[in-house]
Amino acid sequence: MDSHTIAAQTAEPAQIELEHPPFLRHHFENLAQQREAATFGMWVFLLTEIMFFGGLFCAYLVFRNWYYPAFVAGSHTLHIWAGTLNTTLLIISSFTMAMAVHAAEVRHRVPLMRWMIVTIILGVGFLCVKGYEWHDEWVHHHVPGLNFSIEEFTHVNPAYPGDKPLAPDMAEKTQLYYSLYFAMTGMHALHMVIGVCLLTILLIRAQAGAYTNGHIAPVENFGLYWHFVDIIWIFLFPLLYLISRHQ
Amino acid sequence: MQHFISPVLWQFLVKWLTHFAIFPPEASSIAPYADALYFFLIFISIIGLGAVAFLVIFFSIRYRQSRNPVATQIEGSTLLEATWTIIPLILFMITFVWGALLYFRIYSPPPNAMNIYVVGKQWMWKIEHPGGQHEIDALHIPIDQPIQLTLISQDVFHSFSVPAFRVKREVIPGRYNTVWFEATKPGVYHLFCTQYCGTLHSQMIGWVYAMKPEDYEAWAAGSTSGHSLAQNGERLFASLGCNSCHNSSPNAHGPNLANVYGSHVQLANGQFVTVDDAFLRDTILNPTLHQIAGYAPIMPTYQGQVSEDGLIDLVEYIKRLNSSYRIDQTIDNSAGQPVQAGATPGGTSAPPLAPGAVKP
Amino acid sequence: MSTIVSLPDQSTARLPKVSYLNKEYGLKSWLLTGDHKRIAVLYMISITFFFFIGGAMAALIRLQLLTPYADLLAEDTYNKVFTAHGLIMVFFFLVPSVPATIGNFLIPIMVGAKDLAFPKINLLSWYLYVVAGIMMLCVLTFGGVDTGWTFTTPLSTHYLNTNVVTAGLAVFVAGFSSIFTGLNFIVTIHRMRAPGMTWFRLPLFVWSHYAASILMVLGTPVLAITLVLVVLERTIGIGVFDPTKGGDPLLFQHLFWFYSHPAVYIMILPGMGVISEVISTFSRKRVFGYTAVAFSSVAIAVFGFFVWAHHMFIMGISNYSALVFSLLTMLVAVPSAIKIFNWCATLYKGSITFETPMIYAFGFLGLFTIGGLTGVFLGSLGMDIHLTETYFVVAHFHFVMVGGMLMAYLAGIHFWWPKITGRMYPEGMSRLAAVTTFIGFVVTFSPQFILGYLGMPRRYAAYPPEFQVLNVFSSAGATVLGVGYLMPLLYLTWSLKYGKIAGPNPWQATGLEWQIQSPPLTENFEKTPIVTHEAYDYEWLANKTRNEVTTVG
Amino acid sequence: MEQHQQEHHHHLPHPEMGPSEPTHTPFRIVSPKTYLIIACCLLFLTASTTAISYVELGVFNAVVAIAIACLKASLVVLFFMHIKYSSKLTKLTVCSGIFTFLVLITMTMTDYISRAWGRW
């Protein structure tokens, strides 16, 4: 191809040919290269995300070792039904997202949009449940820095009558549990919000058929992102909700 | 600056000639060891730098274009490359082992070391001698006697550095760090805070006065506040009501603290720990984290109620408790005359402790 | 090989009619560009701006330290000045310096691609840098920040009332700019190589950028989350780093240095890449032991993640841990030593000329060797106790960062200036600047080693008078150094209009970038090149030139 | 999982295989049936991890919880994120992320754990 005639990458090549569809950027040799680069780039970005959450997991590990009873008590105040429900919602949404990618791969526009809408609904559902939990924690004075009180931990938790109340010094350490809980779930929810927004944009463009002409990279990469967010939750769930539930 | 016309350059030269030093004084038993490693490192640095400089200069002259117009292409040489991988590696490993040995020499206090407490705060050093001498930005010590410093900060990170002794230790909040040294030469040496700690970081400096033992005795006798740290600790112990649980009665709620220092105790979680300064401090602040086996977790936390100085007093008191008699005495005292924490009311000074307590 | 443009030699060279510089005109064509070369130029302008701000701060620091008293600046001002110097130089100059400018310009060309894999992300990276830079300028304008560039908790979280949050967020944003640059490089190097461009035909410049990019992508996010926690601690008090709430300030140190130690390699590795190119070109000889140099870059990147706690030896990490980290620190010094000796051996039987980039490269060799060897002092546990947090550390990292990286950056700028602008700079002036920089640097920072061993702590606005003499030397050297840095700014700007036309390959170098016109076309190559020769193949170049001559003749 | 591989190879329509792509791997479309089975496995594992957390296992509660989480994450990565069908490079990328994360965790924990071993 005569690269002289092709302007800087912001401009799309004018003529549409089979081997040069409009979504092939000028600096790639062919579609395969473009798609591989896009997928690989997404994976490298996910590496970044792993390390981003990695710092939080590292802090979590340190303090869980130090203040285990506080983490148990903190964990026991969370609603296990909410955590399990949210895990279920996210897993199903991951499945629907995978189906959306599949629909894009086989170039079915309507199923693609349907799966995307279901994914959005599930994502919003997750955020609603999360919001309900946060509200609940606010009511119970569990938000560090803003309205934290150790009141609930120095008395027996009615949901876990087997738990002994914590001594005040250990009860203070539940604040760290909640700090990490809010930092981790907050960062995760932020990723979810970004995800839902992006998916809405993708949905609008999918309606115009932008992703059912072979140009599936945006959908595919968004799928990777969405699954990654799911994986983070898969770890957050046992780490935050399931500490010593049997006590 | 006052004498605008004064020969600045001349002053500068005078200063250079009179003050120029390349090494700080070697004033501790560790300093020669540190300097030895330093000289070794300088030696290998000169060798390394010399090798590089020689190669660069020699090749530049020998193979400059005017003399060698056509380069000879050379792929590389595994043998040569292996040589300059292995030789540095060996040198670095020697450095590692040597450095590690020095590190443990500096950070392993001998058992007979005399303990002095240092509290760092923005922007001063508070030095507390067990005998009750309190100093700000000054540290008096006897020479030829190992000194262990127990360091803690009450606010931000500081770092306690005495270049003449080649020792330095971060002073961090919430935790005792220790360092030790043995001064060998009487003199006055700089004491710096080397960790940036806020606005007046550069004024958080003081002096270390290394004195002959007899001079030190004289100084210690003349500078004592009249109450040893342990005596202050005893008063605090009583006023906080510690003795209501920590006493020798068989059904006491808390463990008897007599002779507890240095002993091995079993924690509620089954671990064994040695009771040291850090452990004592932590148990006062976070009792549940260090629950002693066999006792109920009823001890309240004193986080935020006792200052670092108060904690030092308490630690020092508990360290020196060698009979239950003292604690039981405390009960009587406190029952009679409740004492404010931290204050030192004039007439109620507790009787001196065991004779060894005030000894430096 | 037919794909490679052949152009007349330098004496008769003309500027090409069309190049990336004159393809489009107008501010918009620059601000919305996707062209890696234009973004590189944008980056170059921005980092030069920040370099001179940071340099002005350095000048203030050296002026203040001329006398032992806090007389020119009050203590709090001095603290703000050195913090600004550190933050700007680290996050706004050194980290993006070579990668975002020279790397951005050259990596696609060197691998034979038309652009980086994600041009829009590349542009986004620059915009993030600009946003972060504006935030940092706001911080400086509205009262400054005095945490030191290390943001040490609990000082930064609870004991200062300056703009810590804004500064933290500025670094956070700058971090993402760096992540995106690294991401782009990794994908480009993996996926965009021209036919025949195998891994072991890549120039060493590309290898070292690849290694640095790995560090950027994997290290920077940890800094990002750490800063988020610091900001949260400061704004709402979540307590993770607060000892009074049961948090651990040492955890902050762990997380911070997990990035900030590899960051040192992010800063130096690209510089090492420049040095490989320059030394090879001006010795007319392939780099001695290509594979060893290439793999030592990767080894530095991998080992770089294992050594961070050597910044914490005296802070009270466990002694066992200190041992492990010290040992690994010694190991990471080895690949650097390999590189140094391989560069020296490259000179052997070369045909050496002493153009400006080569002089800078020689400066790099000497200064980086000193910087590296003094790093061994600090990695050695017992020695570190006495030396850490003193001017010895200051001198050490300035030898590595300024003596190493800045020398390499200037070497690179001079080396590729003809390619970037199509024009030569005045050779005599630039050699003078290189020598001035070297002398100024040595005079500035060598006395600081002695000061450090004498025990002068870093970050002191005032110091005991007996340290004055050496500080005067240092400040005197800094003025020379300042002149050395101002000179290139002037003559390089001058050369934009008045410099001699360079022609495509003024140095007779072998890299792909030298086989195309200067300045290059927007899409770099007229036709995708097919690579049949290894990097630094001077025989191939000689053959090619001979063929061209015969064809033309 | 192996018997459910009814996915068909599907080369995207690209006429010239770029000579620049020595490591090119064909993209593969995974069948919805696989996705469904994986989703069911994930839901089952979620239910079991919640249930197991109510059983007293001592220290193994945490171990089992993490093990199940890792298993779930692997399923998502391998099938939903197509790593099972991806190039070596992508696999290596994932591994390098996990590796660096482990470096962060383990090297930090060496400090925290060995602090309790006492002073020298």
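**Entry 1: the sheet of chain B**

I began with the sheet of chain B, where five strands form an open, mixed sheet in the order 4-10-9-6-7. This is a predicted model, in which local features need pLDDT of at least 70, side-chain atom pairs count only at pLDDT 80 or more, and totals for chains, interfaces and linings use all residues. Residues are numbered from 1 along each chain as its sequence is written, while chains are lettered from A and ligands numbered from 1 in the order in which they are written. Helices (H or I, at least four residues) and strands (E, at least two) are DSSP runs, numbered from the N terminus; two strands pair if DSSP finds at least two bridges between them.

Axes here are lines fitted to C-alpha atoms, for helices over the stretch in contact, and angles run from 0 to 180 degrees between N-to-C directions.

**Entry 2: the partners of strand 10**

I followed strand 10 (residues 206-211) of chain B to strand 9 (residues 187-193) of chain B, with which it pairs in the antiparallel sense over five bridges. In this pairing I found Leu191(B) opposite Gly206(B), and Val188(B) with Tyr209(B) as its bridge partner.

Strand 4 of chain B runs parallel to strand 10 of chain B, and five bridges join the two. Here Ala138(B) stands opposite Trp207(B).

I also noted helix 4 (residues 213-223) of chain B, which lies across strands 4 and 10 of that chain and runs at about 130 degrees to strand 4.

**Entry 3: contacts of chain C**

I counted residues as in contact if their C-beta atoms, placed from the backbone, lie within 7 Å. Between chains B and C, the contact takes 80 residues from chain B and 79 residues from chain C. On the chain B side, helix 3 of chain B supplies the largest share, 18 residues. Among the other elements of chain B that give at least two residues are helix 2 (31-62) and strand 6 (158-162). I recorded the chain B side as 47 nonpolar, 24 polar and nine charged residues. Ala, Val, Leu, Ile, Met, Phe, Trp, Tyr, Cys and Pro count as nonpolar, Asp, Glu, Lys and Arg as charged, and the others, Gly among them, as polar.

**Entry 4: confidence in chain A**

I checked pLDDT, the predictor's confidence in each residue, from 0 to 100. Its mean for chain A is 87, and 92% of the residues reach 70 or more. Over residues 1-18 of chain A it is below 50, and this stretch has 22 contacts in the model beyond near neighbours in sequence. Where pLDDT is low, the predicted coordinates should not be read in detail.

**Entry 5: chain D**

I listed three helices and two strands in chain D, in the order β-β-α-α-α from the N terminus on. Among contacts in chain D between residues at least 6 apart in sequence, 48% join residues at least 24 apart.

Technical notes:
Contact = placed C-beta atoms within 7 Å.
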